[in-house]
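Visitor: I'd like to learn how to read a few features off a structure. Could you take me through some?

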Amino acid sequence: MKHLAVGCMLAVSLFLVVTPAHAAPESQPRRTGYTRNVAIVLYEGVELLDFAGPGEVFAAAAHQSMQGDAHAFRVYTVAKSKAPLTSQGFVKVTPDFTPEDAPVPDVLVIPGGNTGVVLEDEAYSKWLAKTAAGAEVALSVCTGAMVLGKAGMLDGLDVTTFNNAIDSLQRMAPKARVHRGRRFIDNGRIVTTAGVSAGIDGSLHVVARLLGLRVAEQTARYMEYRWTPEPHLAGGYTLLNPSLDERGRAHQQAEILGDEKNWPAAAKAYRELTASNAADTTAWFRLGQVLLAAKDYDGGIEASLRAASAKQYQVNALYNAACGYSLKSDAGHALEYLGKAIDAGLKGSWALSDPDLEHARKDIRFQKLAARLR
C-alpha cells in the first residue's frame, strides 16, 4: 500500500442535506459504533457481479469508515458447504462459512444467478429466510429476490428484480408489487435490486443509509463507479456516519477538512483529538498525513511515529516517517525508517520511484533496501 503522506486525501463535496417528504425508509440499528457483519450468500451458479459488486462496496466502505480502531464492516461469504463452487461458469470460489458456523449477519446479501439451486434446497432456503428476518438489512440482487419471495417476505411490499424475471417474481410473490425499470427499492429492512450491476447501486445506498453519504461517496470514488443517488432518497441520508459517537463525528469533520486541503484547520482538529486522548492512534496517523502534506516535516514525523505504536498503522506510519525525513534531506534517518517499515511488512516496488524518497534514493545504501521491496 502506498503511503498516504501527501497525495491521497480524497475530495468530498459538502452540501445541505434536507429531508424530503419521501425519505428513505429507516431500519432500526441494534447497536451503534460497532463492526457490522456482512454475509454474502453463495451457491453453485451464482452470478459473478451479483455478489462481487456488493462485496467490493462493503469491503471498500469498511476501510472508508473507521469506528475507533475497528472497520465498519466485516465481509464474508456463506454457502451450503465450504467446498469450492463455480460462478459464471469459470470462477472458482471457496466459501468462508456454512450456516452451521457463520457469524450472525447484520447485513445479508442474497445474489441472483442459478437461484433454483437454493429454492430447491429446503433447509438452505429456510435458513436464509430466518437469517434475513433477523438481519438489520436483507439485500437481494437480481433473482435473489426469489428466495425472499418464496418465503413470503415480500408480501405487501414494492420490490424489483432482474428485468427478465419480473413476471416470474410476481407469480412467486403475488401479494408483492413488482416494479420494472427500478435500480433498487428500499423497504427499510428489505432492499431489492435489479440485475447484475444494480447490486452496486443498492449496496451504496445501504452504505449511505447506515454510514452516511460521505462514506458512500468515498466508496464510489474509490471504486471509480459513477454513482448518482436517487433524488427522492438522497435527502434522507445524513452526511456524517450516524453510527458514530461525538468523537467519531469529530474524526469525520477533521477528514473533511483534510479532503479540502485546509491543512491548518485539519491539523488543529486532529491535535484536539490527540490532546483529549493520547492513545488515539488513528488521530495521530492522520495528523501525520496532514502535517507532511503541509510540509511540517518534523511534526509529521513525530505524529507518524506515535501512530506506529498501533499494529494497523505501523507499516504506513513508519513509511511516512521515512518520507518525511527524505523530504527534509535527512537520508540517514529516511533509510533507517524505510528499513523499519520493510521489517514490519512493507512490500511493493512502487516505493522505488516514490518522489518523496528522491533524496534517500541518492544514497548508495538505498539499493540494499530496494532489493527487499522487489
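**Aromatic pairs and a strand**

Guide: Let's begin with one side chain in this predicted model. Trp 227 is buried, since its relative accessible area is 11% and the cut-off for buried is under 20%.

Visitor: Which ring does Trp 227 pair with, and how do I describe the pair?

Guide: The general idea is that you describe two aromatic rings by the distance of their centres and the angle of their planes. By that kind of rule, the count here comes to 7 aromatic pairs. One of them is Trp 227 with Tyr 237, a tilted pair at 6.5 Å centre to centre, with 35 degrees between the planes. Trp 227 sits in the loop between helix H7 and helix H8, and Tyr 237 in the loop between H8 and H9, so the pair ties together parts 10 residues apart in sequence. Tyr 237 is buried too, with a relative accessible area of 2%.

Visitor: And what does an edge-to-face pair look like here?

Guide: Take Tyr 319 and Trp 350: their centres are 5.2 Å apart and the planes make an angle of 70 degrees. This pair links distant parts of the chain, 31 residues apart, with Tyr 319 in helix H13 and Trp 350 in the loop between helix H14 and helix H15. Tyr 319 is buried at 0% relative accessible area, whereas Trp 350 counts as partly exposed because its relative accessibility is 25%.

Visitor: On to strands. Which way do the side chains of E12 point?

Guide: In a regular strand, side chains alternate between the two faces of the sheet. In strand E12, residues 190-193, Ile 190 and Thr 192 point one way and Val 191 and Thr 193 the other, and all are buried.

Visitor: Which strands pair with E12, and is each one parallel or antiparallel?

Guide: Strand E8 runs parallel to E12, joined by 3 bridges; look for Ser 140, whose bridge partner is Thr 192. Strand E11 pairs with E12 in the antiparallel sense, also over 3 bridges, and there Phe 184 stands opposite Thr 193. E11 and E12 form a hairpin with 3 residues between them, and Gly 188 in that turn has a positive phi of about 95 degrees.

Key
Residues numbered from 1 in each chain as written. Predicted model: local features only at pLDDT ≥ 70, side-chain atom pairs only at ≥ 80, totals over all residues. Heavy atoms only, no water. Buried < 20%, exposed > 50% of the residue type's maximum accessible area, 1.4 Å probe, protein only. Helix = DSSP H or I, 4+ residues; strand = E, 2+ residues; numbered from the N terminus. Pairing = 2+ DSSP bridges. Phe/Tyr/Trp six-rings, centres within 6.5 Å; stacked < 30°, edge-to-face > 60°.
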